[in-house]
Structures are given as C-alpha cells and as structure tokens.
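Please look at the aromatic side chains in this model.

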Amino acid sequence: MSTGLEHTSWPFFEGRHGELAHAVDAWAAATLPTLPHEDMALGARAADEACRARVKALGQAGWLRHAVGGTAWGGVGEAIDTRSICLLRETLARHDGLADFAFAMQGLGSGAISLAGDDAQKARWLPAVARGEALAAFALSEPDAGSDVAAMQCAARVEGDTVVLNGEKTWISNGGIADFYVVFARTGEAAGSRGISAFVVEAGTPGFEVAERIAVIAPHPLARLRFSDCRIPLSHRIGGAGEGFKVAMRTLDVFRTSVAAAALGFGRRALQEGLHRAKTRPMFGGVLADYQLTQAKLADMATTLDGAALLTYRAAWLRDQGRNVTKEAAMAKMAATEGAQQVIDAAVQLWGGRGVVSDEPVERLYREIRALRIYEGATEVQKLIIARELLKT
C-alpha cells in the first residue's frame, strides 16, 4: 500500500529529507487527530483555537524550526531549506489542511525577517516563531492591490526615529490572532514597486486594528487590517528604505514553491480516498474499480500528481542550489494547484453523493484546495510570470 512518501527516494532529495518526511508523517498521524478542529458552524473562534493549537504543537515537536533561517535564532540551518519546507507542507496537508496553514504562515509571516532582518530583529521575533510561542502574519495585499503589488496605497512616513503608518491590508492570513505582522507600505523613494518598504507591526500597537474578520469556505483565520496614524520605531523596518518589494518577492520565491507542495498533499490524499472508494463501493454486482472509466480516471489522477510533483521538487532543488527559480516556482505553483483541483474534483465524483456531505474527507479537500489557486499569485499571474521569464531569453 502506498505511503504517499515514495517520491522521497527521487534524486532531488538527500537522506535527511526522507527521514524528515517519514518522521513528520508519523507525528501527524498520532498528534493531529487529538487537536481541536475548526468548524464552519462555530465560526472564527473555533478556527482561531484550532490554529493556535497547531502552532503550539508544531513548535513543541520542532517542525517550525524548519520555517526559520539561522541556527542562532532557532532554525535548523543557516538558511531555509526549500525541500524540507515543501516536504513538511505536503505531508501536513495530506493529513490536515489547517496544520499545513499553521506551518506555512509561521514561515511566510516571518520569512522577511529570516531573509532580510538585522540581528536585533531576528533575536526579537524568530526564536518565538520557531518555538510556536508567537504567531506571525504577512501583510502585503490590499483591497485594490492584490496581484498588482505596485498599486499599493498603504503609506508610511518617517518622522525622526518613528514611522507612521496609514492605510489598509486585506486577505491577511492569521489576521486577528497573529502576535506580529510584517507590513509592506509605500514610502515613496521611487515610483511603483521601488518605493515600498517592509516593517514589523506588533499586535496591540495604538493605531492598528483588525477592521474585519473574513469568513472563507475553508475556515482559517483571515482579516482586514487598518492603520490610522500607527506609530512604530524605525528600527522595525526590515532592510533598507524602498527595499520592501524585493524583500516581499524573495520571501514569496521561497514559499510559492511550498504552496505547490501543499496542493500535492491535498491531491495525494484525494487520490488515496478515491482509490479506497473505488475498491469498496459496490456497483452492479462488482465494485466501482472494475470499470474502465474508473480506471482511466485513477490513471489521470496519479499522472497529474506525479507531473506536478516533478515540477515542484525541481524548483525546490534548484533554489537549494542557490539558483533563481522565479519561472520554475511559477510553473510548479500553477501545475500543482490546478492539477490538485482536478484530482480532488475527480475524487468527489468517485465518492458520489457522499462526496458533497459536509466534513467527509473529499468535501473538506474540495474546500481547502480552492484558495491555493489564488493566494501567493493567482494562476493567471503565474502564467504572466512564466511568459515574462521566457521572453527575457
């Protein structure tokens, strides 16, 4: 029987990667079912509690150390290993969508500090992230600046050793429960994306409020943020003035590939559930798997996932070799999220009426996968990125 980990023997990986994947798989199977679960009927409070419980458990088990760069600040290595975070996300997603979300946001939310923060910033925030004691958030998107980051309107002005923030952010994961937010704001050093800087804003700072909690089809903590003359120390700026866009893109280059890995995890669970249903669902004196239409569908599902996995771990391996992976990460994200959507839809079809019953595994997967085709760059944006990179040659 497939374990879902056979690909860890591929040439992209070292022995330590296979050991990591098997260890987190065993931990997830034993631990995640014991934690509180989000419930659409109970709303944001249940999702908040479930997310906090997962961050704490991931931190105590040591998995969050892989989401942080720098051994002095709690990380496993001096740099974030892309293959490790991809294997962690894929494995967690196969078991529990919210566990994947909790892990990913610790990395994405603190990634700018790992990549571009100074030692004081790293010492202040990263160890708590690695231990699961502080929740992080990445605040880039705005009501009119999602895919087009250069259209950002949230503004920051420097007054001596203080920065004053005004504006809004939206679609912010961990919004409302994060202990700190990496916020990108226009500082005006140049036009467009060259006039954006990055700052750390701690929860509870005067002038900062969670303006709205946003409910989505897969219950996760999500919010709209508002800054009204919000004053923070200039020492909270990550990197230099006007370097925020570069910091954001460096962060996304690391974690965009891991979105593809999470999609793989969802897709692999869907294939597992589809196979089980096909082999056990009675149909006209036999079982569903006896029919060539079913067999063809299963073949398509498996082939789609392996193709996406090859693209995903090619991108992860290349980045770990120090290569630029803008095109490869975009290809992986597009192929894996779109492919996983197809695979999960097929699994729902194999399950028949039970496939649309609330909280059946395939129904939960159907809700989980949809957002991945949008966040950290929608599929249409990935196509533009790929084409732009091709046209450079």
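This is a predicted model: local features need pLDDT of at least 70, side-chain atom pairs count only at pLDDT 80 or more; totals for chains, interfaces and linings use all residues.

1. Start with W27 and W63. Their rings form an edge-to-face pair. The centres are 6.2 Å apart, with 70° between the planes. Where does each partner sit in the chain? W27 is in helix α1, residues 15-31. W63 is in the loop between α2 (44-61) and α3 (82-95). The two are 36 residues apart, and the pair links distant parts of the chain. Both W27 and W63 are buried.

2. Next, W125 and F180. Is this pair stacked, tilted or edge-to-face? The ring centres lie 5.9 Å apart and the planes meet at 40°. Stacked needs under 30 degrees and edge-to-face needs over 60, so this pair counts as tilted.

3. W125 lies in helix α5, residues 119-131. F180 lies in strand β4, residues 180-186. The pair therefore ties together parts 55 residues apart in sequence.

4. Are W125 and F180 buried or exposed? The cut-off for buried is under 20% relative accessible area. W125 has 5% relative accessibility, so W125 counts as buried. F180 has 1%, so F180 is buried too.

5. Y181, F208 and F227 form one aromatic cluster.

6. Last, a charge over a ring. R277 lies over the face of W351. The distance from the ring centre is 5.2 Å.

Technical notes:
Residues are numbered from 1 along each chain as its sequence is written. Side-chain values use heavy atoms; hydrogens and water are left out. Rings of Phe, Tyr and Trp (its six-membered ring) pair if their centres lie within 6.5 Å; planes under 30 degrees apart count as stacked, over 60 as edge-to-face and the rest as tilted. Helices (H or I, at least four residues) and strands (E, at least two) are DSSP runs, numbered from the N terminus. Buried means under 20% relative accessible area, exposed over 50%, partly exposed in between (1.4 Å probe, protein chains only). A charge sits over a ring if NZ of Lys or CZ of Arg is within 6 Å of the ring centre and within 35 degrees of the ring normal.
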